[in-house]
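I opened the notebook to record what I looked up in this model.

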Amino acid sequence: MSFTDQTPYALRCEWGAAGVRHLAPHANTVVIVDVLSWTTAVDIAVSRGAVVLPYRWRDATAAAYAADHRALLAMGRDASAAHPYSLSPASLTAIPAGTRLVLPSPNGSTLAFLAAERGAVVMAACVRNAAAVARAAHIRGGIIAVIPAGERWRDTPTPDDTTDDRDTLRPALEDWLGAGAVLDALAALDPAATLSPEAAAAVATFRALAADLPAVIAACASGRELTEAGDAADVVLATQLNVSTTVPLLRGGELTG
């Protein structure tokens, strides 16, 4: 037994890629949570009948991947008339059913691939569909691992501090709250289910802040970043608790409902 796989608990929670590597091999279902904005974008697109293809890199290979899979490529956040869809959830609210969309993300997409490679069933959860995903994972049964994706630090060294934090995990409050929402719903569905201390901490944080969830997420670092960039509509969409019944499930490299 490894202490880091959170055995013997039924409901488990850990951050980012390392969390997937440690928890996914022992889990029946892995739930990826990337609230601002990948899993929120996935929920909105899939709820409208689109098919989302995760892709790990936003580089020249993404366009080739989209072409190979007869899909459109989502932009980073800069939608245009030629490329109307992006990682911004607001850009996807009118996406037509049947659209195939490659949605690159260094966080959510990458974690989904890592979990699938380790044999787990993968679901995408956010604040909007937390209860719905919890119900679906509960029905499958077994060990459930919830993975808050987090963000990446963009810091560069200063003259008096040579530490370079770029590309290291930044635990993101919105993802911790989204994970807590999923785990809280799971605990309500099965009061006898055991929560790891990490999972219990996520639930406690969610319960403490649930009444003010939109304001808290809007005021946290990621929410402020989006708002100041002109993407406040994305924050509003991402903080609507349990308004969606969609359960995006990864099958054959595609997320569908």
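For the element count I take helices (H or I, at least four residues) and strands (E, at least two) as DSSP runs, numbered from the N terminus. I note at the start that the model is predicted.

Entry, whole chain. I counted the secondary structure and got 10 helices and 11 strands. I then checked the radius of gyration, which is 17 Å for the chain. A compact globule of 257 residues would have a value near 18 Å, so the chain agrees with that expectation. Along the principal axes, the C-alpha atoms fill a box of roughly 50 × 50 × 35 Å. I looked up burial next: of the 257 residues in the chain, 52% are buried. For contacts with a separation of 6 or more, I found that 73% come from residues 24 or more positions apart.

Entry, α1 and α4. How are α1 and α4 oriented to each other? I found an angle of about 15° between helix α1 (residues 16-23) and helix α4 (residues 108-117), and their axes are 9 Å apart. Angles under 35 degrees count as roughly parallel, and α1 and α4 are therefore roughly parallel to each other. I logged the crossing of this pair, α1 and α4, as right-handed. On the α1 side the contact is made by Gly-16, Ala-17 and Val-20, and on the α4 side by Leu-111, Leu-114 and Ala-115. Sorted by class, the contact of α1 with α4 holds 5 nonpolar residues, 1 polar residue and no charged ones.

Entry, α5 and α6. The crossing of α5 and α6 is right-handed. From α5, I listed Ala-130, Ala-131, Ala-134, Arg-135, Ala-137 and His-138. These meet Ala-181, Val-182, Ala-185, Leu-186 and Leu-189 of α6. By class, I have 9 nonpolar, 1 polar and 1 charged residue in the contact of α5 with α6.

Entry, Pro-8. Is Pro-8 buried or exposed? I found a relative accessible area of 63% for Pro-8. Exposed means over 50%, so Pro-8 is exposed. In the chain, Pro-8 lies in the segment before β1 (11-13). I also checked Pro-8 against Thr-194: the two are 186 residues apart in sequence, and their C-alpha atoms are 8.3 Å apart in space.

Note on methods
Residues numbered from 1 in each chain as written. Predicted model: local features only at pLDDT ≥ 70, side-chain atom pairs only at ≥ 80, totals over all residues. Heavy atoms only, no water. Axes fitted to C-alpha atoms, helices over the stretch in contact; angles between N-to-C directions. Parallel < 35°, antiparallel > 145°, perpendicular 65-115°, else oblique. Left-handed = near helix turned anticlockwise from the far one by under 90°. Contact = heavy atoms within 4.5 Å. Nonpolar A, V, L, I, M, F, W, Y, C, P; charged D, E, K, R; others polar. Rg over C-alpha atoms; globule rule 2.2 N^0.38 Å. Buried < 20%, exposed > 50% of the residue type's maximum accessible area, 1.4 Å probe, protein only.
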